[in-house]
Amino acid sequence: MFQTFGDRITNWMKNPNQLYHRPFHVIENIYFVGTDWAAAYLLDTKEGLLLINSTMSETAPMMIESIKELGFDPKNIRKLLITHGHFDHCGGARAVQELSGCEIWLGKHDEFFFTDRRDMILFEDHVPEFRITNFYDYKGVIDFGGVRIKPVHCPGHTPGTTSLFFDIQHKGETLSCGLHGGIGSSFLARDTLSRIGVPLSVRDTYLDSIEKVRDIRVDVVLPAYPGIFIGHDFWGISEADDGSGDGFIDSEAWGRMLDAKRDEILALMLREEEEL
Ligand SMILES: [Zn+2]
């Protein structure tokens, strides 16, 4: 048994093949190409491929093979959108950029991870440097190949965490897709925050960010960690799907996920208060 989550990650880095997950079609032009842990999504557009997140550097070759397995050429990736500056989303960015010459988008508030505070990337020695070409404009949309992606700033998990929303047309209907850019709350315990030198107020920031996107309509949730997506069995749905993608439509899943995360952090804060 592994002692800590950090030990588990180190083990994954040594044996990345254990994180293999088969790539699959989600719905319309959206494909899952990530790992059993961190997700990556590929959007096939009229102007080329757009990739959301790049998993760890160790699993990037696996992700690139998954893209090929689905019949796409990874050299056609034009944009890589990173939802926050942690190693398990940006670790593969260098490999993808070297292969395709793609733009790399990041939240401006995470830029300092890559300039002054590489330690904030976590496992930073495992993240080869890459060229950040664009920062999200929270007042605008990324208009690419017929897809209009709306970035929303959701600070808390990291200062620059960015959630992404876009519409697809499915069987004559407009459906909204949503990917929360960073919802992990495991580091928000008081002791952990004081150890890493982050003020307690980050928890309010985190809760405000949940509130900000809670009521956005999302019909198709693209989870950042499908294996721990609360209240929605993403893997199970992918196994049962008949190729239509209909099973992924669940307009309540987004709210369930965010409410669960909010309740989790409120319960943690209450427990800490009682301990005082
Ligand atoms: Zn993270």
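Visitor: What spacing do the donors of the zinc ion follow along the chain?

Guide: The spacing is H-x1-H-x70-H. Bear in mind that this is a predicted model.

Visitor: Which protein atoms are the donors of the zinc ion?

Guide: They are NE2 of His-84, ND1 of His-86 and NE2 of His-157. These donors lie 2.1 Å from the zinc ion. His-84 and His-157 link distant parts of the chain, 73 residues apart. His-84 is in the loop between strand S5 (77–81) and helix H3 (87–90). His-157 is in the loop between strand S9 (147–153) and strand S10 (162–170).

Visitor: Are His-84 and His-157 buried or exposed?

Guide: Look at the relative accessibility. Buried means under 20%. His-84 has 1%, so His-84 counts as buried. His-157 has 13%, so His-157 counts as buried too.

Visitor: Next, cavities. How many of 30 Å³ or more does a search of the whole structure find?

Guide: The search finds one. The largest cavity has a volume of about 30 Å³.

Visitor: Which residues line the largest cavity?

Guide: Start with the zinc donor His-157, which is part of the lining. Cys-154, Pro-155 and Gly-156 line the cavity as well. So do His-180, Gly-182, Tyr-206, Ser-209 and Ile-210.

Visitor: How does that lining divide by class?

Guide: Four residues are nonpolar and five are polar.

Visitor: Now a single residue. Where does Ser-185 lie?

Guide: Find the loop between strand S11 (173–179) and helix H6 (190–196). Ser-185 is in that loop. Its relative accessible area is 9%, so Ser-185 is buried.

Visitor: What is Ser-185 in contact with, leaving aside neighbours within four places in sequence?

Guide: Ser-185 is in contact with Tyr-206, Lys-261 and Glu-264. Tyr-206 also belongs to the lining of the largest cavity. With Glu-264 there is a polar contact between side chains, at 2.6 Å.

Visitor: Let's turn to a helix. Which residues of H2 are buried?

Guide: Helix H2 covers residues 60–69. Its buried residues are Ala-60, Met-62, Met-63, Ile-64, Ser-66 and Ile-67.

Visitor: What covers the buried residues of H2?

Guide: The cover includes strand S3 (41–45), strand S4 (48–52), S5 and helix H4 (93–100).

Visitor: Which residue with a positive phi follows H2?

Guide: That is Gly-71. Its phi is near 95°.

Note on methods:
Residues are numbered from 1 along each chain as its sequence is written. This is a predicted model: local features need pLDDT of at least 70, side-chain atom pairs count only at pLDDT 80 or more; totals for chains, interfaces and linings use all residues. Side-chain values use heavy atoms; hydrogens and water are left out. Helices (H or I, at least four residues) and strands (E, at least two) are DSSP runs, numbered from the N terminus. Buried means under 20% relative accessible area, exposed over 50%, partly exposed in between (1.4 Å probe, protein chains only). A polar contact is a pair of N or O atoms within 3.5 Å; within protein, one must be able to donate a hydrogen and the other to accept it, and residues adjacent in sequence count only if both atoms are side-chain atoms. Contact means heavy atoms within 4.5 Å. On a 1 Å grid over the protein atoms alone, a cavity is a set of points where a 1.4 Å probe fits but cannot get out, and a pocket is an open set with protein on both sides within 12 Å along at least five of seven lines; lining residues have an atom within 4 Å of a point. Grid points are joined across faces, edges and corners, and a volume is the space filled by probe spheres set on the points. Ala, Val, Leu, Ile, Met, Phe, Trp, Tyr, Cys and Pro count as nonpolar, Asp, Glu, Lys and Arg as charged, and the others, Gly among them, as polar. Donors are N, O and S atoms within 2.8 Å of the metal (3.2 Å for Na, K and Ca); water is not among the atoms, so sites may look incomplete.
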